[in-house]
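Colleague: I have some questions about the labels used for this model. Please set each value against its cut-off.

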Amino acid sequence: PYGLPRRFLERDAKVGEFRPVTVLFANFYPFSQALNLLGDDVDTAAQVLNAYYHRAQTTIHRYGGIINKVDMYTYGDKLMALFGAPVAHEDDPERAVRAALELKTALDESNVVIGQLLDDKLQLHEPAFLHQKIGLNTGVVFAGQVGLAYRQEYTVMGQPVNLAARLMSVAPTGSVVLSPSTRRAVEAHIAVDELPPVQLKGIVEPVPIVQALYPRIADTQGSGVQSARRAKLVGRTAELAQLVELADTALQGSGQVCAVVGEMGIGKSRLIAELVGQLLDPAAGLPGFFPCLAECQSYEQSSPYATLRQILPALFGLAGDPVHTAHRLERLVATIAPEQARFIPLLGDILGVALPETTLTNALSPEQRHDRAQELIEALVIGSARSQPLSLIHISEPTRLRRISYAVFCLK
């Protein structure tokens with residue numbers, strides 16, 4: 001499969017291991033009905049399947065998972081995806097649930113293509129031909145190569161795999177159902193809705209389940225900092241004192257930039273949380289400031305502007321529908337950076353909001369769009385810093401920035 005480590009590819013390798021994995025089962029249907037309708041039109045049948053499969057594969061791979069199997073199911077077909085095998089990440093359960101939620105969008109896009117194919121070939125108008133339901137479970141499974149030397153397969157086996165498949169079977173159409181173990185791993189980041197417990201084959205007691213709804217909005221204003229300080233910070237006294245001194249210098253009128261560098265898990269984010277907590281403490285006697293925090297995940301490294309998409313709405317009070325956002329941006333730019341007003345549509349790419357293009361912005365090359373957008377953002381951030389005592393931005397981006405956490409102090 002995609003991303004299989006080299007140790008599994010060596011000749012006569014007998015590699016097997018127990019490892020924590022989040023298993024995703026998706027039942028998509030009724031593809032078999034499309035085969036019956038298309039008869040001998042193999043090319044169109046392949047296009048119908050790939051309209052869904054290619055989008056599902058792209059989504060799962062983007063979050064660091066693999067599609068392990070695609071085969072027939074009692075009603076329709078199913079695919080099994082793995083997060084945590086053969087390659088592990090520290091947040092595999094969250095990655096799996098985010099991928100499952102995005103598979104809903106992938107299905108909608110697929111149905112547009114499939115509807116057009118069936119309409120062209122059969123004059124059959126089916127705006128939502130395919131449906132899907134998804135079940136996820138997290139647990140320790142056996143993962144490795146099975147089979148003879150001339151025909152081997154990388155797979156996972158164990159009760160957690162069976163439970164994920166059974167959750168898929170009882171999931172309502174269009175839903176993403178989570179087991180208790182997956183829920184515990186992701187509920188801080190994913191909003192869920194309680195569903196009635198279900199009785200599953202091979203399990204004596206009813207299993208409590210929830211439906212995943214949407215990713216929670218990231219805490220961009222530091223309200224979760226105090227909760228992050230769950231226990232007294234041990235050590236790092238010198239480093240913390242240095243950071244506090246830099247922040248105090250910024251508050252006195254000289255902007256500062258600080259990079260906290262270290263290996264994953266060494267405590268960079270914990271140190272920053274302690275710093276922000278101390279700065280927000282009224283007993284510190286420091287001037288008030290606006291804290292703006294963002295955290296970038298490794299699966300977002302191919303998503304342009306992922307960090308800014310977290311920071312800018314909080315910093316500039318952007319929320320709601322595109323019309324409200326466009327009006328708010330116009331007022332904001334007119335106040336803070338009027339000379340940049342003609343480039344407002346470029347912020348649509350960054351914020352993920354459809355803003356009407358103008359003749360000027362349509363004529364810009366990709367490089368020009370990037371440069372003008374960057375200049376506009378710089379002008380807005382600097383203007384915002386002038387109107388507030390302090391803006392604090394904390395970015396944690398393990399892969400793209402080589403596990404560096406930045407605290408940027410922008411002073412008035």
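Predicted model: local features only at pLDDT ≥ 70, side-chain atom pairs only at ≥ 80, totals over all residues.

**Labels and their grounds**

Colleague: Which residues of H8 are buried?

Modeller: They are Lys268, Leu271, Ile272, Ala273, Glu274, Leu275, Val276, Gly277 and Leu279. Buried means under 20% relative accessible area.

Colleague: Why is threonine 182 called buried?

Modeller: The cut-off for buried is under 20%. Threonine 182 has 0% relative accessibility, so it counts as buried. It sits in helix H5 (residues 180-186).

Colleague: What does threonine 182 touch, leaving out residues up to four places away in sequence?

Modeller: Val97, Leu136, Asn137 and Thr138. Contact here means heavy atoms within 4.5 Å. Take leucine 136: it is 46 residues from threonine 182 along the chain, yet their C-alpha atoms are separated by 7.1 Å.

Colleague: Why is methionine 157 called partly exposed?

Modeller: Buried is under 20%, exposed is over 50%, and partly exposed lies in between. Methionine 157 is at 43% relative accessibility, so it counts as partly exposed. Its place is in strand E5 (residues 151-157).

Colleague: Which residues does methionine 157 contact, beyond its neighbours within four places in sequence?

Modeller: Val141, Phe142 and Val146. Alanine 143 is 14 residues away in sequence, and 6.7 Å away from C-alpha to C-alpha.

Colleague: What makes strand E1 (residues 16-29) mostly covered?

Modeller: Ten of its 14 residues are buried.

Colleague: How do you know that E1 pairs with strand E4 (residues 131-148)?

Modeller: Pairing needs at least two bridges. E1 and E4 have 14, in the antiparallel sense. Asparagine 27 stands opposite lysine 133 in E4.

Colleague: What joins E1 to strand E3 (residues 77-83)?

Modeller: Seven bridges, and the strands run antiparallel. At least two are needed. The bridge partner of phenylalanine 28 in E3 is aspartate 77.

Colleague: How much of the protein counts as buried?

Modeller: Of its 412 residues, 46% do. The protein exposes about 21100 Å², with carbon and sulfur atoms supplying 54% of that area.

Colleague: How many helices and strands are there?

Modeller: The secondary structure comes to 13 helices and twelve strands. Among contacts between residues at least 6 apart in sequence, 68% join residues at least 24 apart.

Terms used:
Residues numbered from 1 in each chain as written. Heavy atoms only, no water. Helix = DSSP H or I, 4+ residues; strand = E, 2+ residues; numbered from the N terminus. Buried < 20%, exposed > 50% of the residue type's maximum accessible area, 1.4 Å probe, protein only. Areas by Shrake-Rupley, 256 points an atom, 1.4 Å probe, with all protein chains shown as cover.
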